[in-house]
Amino acid sequence: MPDLLRKLHHHPATAWLARAASLPDPVELRRAAGPSGAQELAGRRAVIGGAAGGYAVAALTAAVTMAGAAVDSAASSIDILIFDATGCRTPGDYAALYEAFHPAAPRVAPNGRVLLVAAPPEATTDPIAAAAARGIEGFSRSLGKELGKKGITVNLVYAAAEALDRLDGVVRFFCGPRSTYVSGQSVRLSTAAVPMAAAAERLQGKVAVVTGSARGIGMACAQRLAEEGATVVCVDVPAASQALHDTCRALGATALVLDIAGPEAPARLLDFLRERFGGVDIVVHNAGITRDRTLARMARADWDLVVDVNFRAIAAIDEALLAARLQRDGGRTICLSSISGIAGNFGQSNYAATKAALVGYVAARAAQLGNRGITVNAVAPGFIETPMTQRMPFVPRELGRRLNSLKQGGQPRDVAELVAFLASPASVGVTGNTIRVCGQALIGA
């Protein structure tokens, strides 16, 4: 659906009215098509700086160069701006942020990318150094809100010195076109939990299961994983059987009609995966439902149904897969949470509880599975343009679109891009995280 504000700004008959009313003019966001590659940043101009005493500049420079970007500190127009803030240990060190970003921020081009790297606050016992590291997060989020109107994203990675060998994939994703709708986020790289895997660009030979994949975000996730070379199993309820089979024919995927909340669902899924593929590598828990009412008006059946589908079924399936060791070592588990689980939402006490539960779930599960090389993360979408959001009343729909730094809604593929990254070997070290795909939504930020 064309963006209403862009239409108003770019139509000769209404452009004057849009300008007079000071309506936002959302930038057309740059997105990637097709599978990812080693040269994701080809043709992009990068500027890299850092605070004195930092330890990440060399690794960051190597990562952007390997991904195809040209490092040019004198570039008048910057596509990628990277700053090593690992040297920020005192309030005085913050001067380096001002000195770097005051002249450089205005030079970042539309659809540009800004990435900061900071030391993990928990890695030091010095409270001042820990506070200085944590403060980088506030700086990056504020900068994202300043630059978002140009389609620029700003994100932060917490990385210890021993985690620098895991930066390559993170840099390619957060500095490239696949992170279009991911801004204002902070990601922690783990070193102790997940051993380095063999380098691989794509997902050939991997088996992926995506629940709730007949349409919408689930279908987009299945498509991206298939593009990356994975063998995809699409799962959805009997009521969506026709759409599920249509999707699978289009993607060359395998359909499994299954209600994941049913008592026999884990056993049926395991039998299917064991017999057809011998196991599974990637599990994307996308299926979810809403039954919105204020708590005082909510029926117990609606409460229980949302908890069963959005939380209990996920835990039951994972427990069964792990008990049978059917998820292979080096695997990936990705849960679809929600902004509602982070910020809460009126009339969604059941839904928000389950989506917040997934934030805690991935953190706890990741700590258990790191020794097997399995990462567990959550993705929290914001306002994504789907048939469901198209049915919303006009005013709530427009508010949902505009209440973020990019002033527009995201696309299902934006969520799928992050899912595909988290499913890939390039995401090694990214585990236990919840990452929002929301254009830096102003609610819950």
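Which residue is the bridge partner of Val157 in S6? I looked this up to get started, and found Val187.

I noted that this is a predicted model, where local features need pLDDT of at least 70, side-chain atom pairs count only at pLDDT 80 or more, and totals for chains, interfaces and linings use all residues. Residues are numbered from 1 along each chain as its sequence is written, and side-chain values use heavy atoms, leaving out hydrogens and water.

**Six-strand sheet**

I traced an open sheet with the order S2-S1-S3-S4-S5-S6 and parallel pairing. Strands are DSSP runs of E with at least two residues, helices are runs of H or I with at least four, and both are numbered from the N terminus. Two strands pair if DSSP finds at least two bridges between them. S2 (70-71) and S6 (186-188) each have a single partner strand, so one side of each has no neighbour in the sheet. S5 (residues 153-158) meets S6 over three bridges.

Next I turned to helix H3 (residues 57-66), which lies across S1, S2, S3 and S4 and runs at about 170 degrees to S1. Such angles run from 0 to 180 degrees between N-to-C directions, with axes fitted to C-alpha atoms, for helices over the stretch in contact; contact means heavy atoms within 4.5 Å.

**Seven-strand sheet**

I then followed a second open sheet, S9-S8-S7-S10-S11-S12-S13, also paired in parallel. Its neighbouring strands are turned by 20 degrees against each other on average, direction ignored. Four bridges join S8 (residues 231-236) to S9, and I found Val235 partnered with Leu256 in S9.
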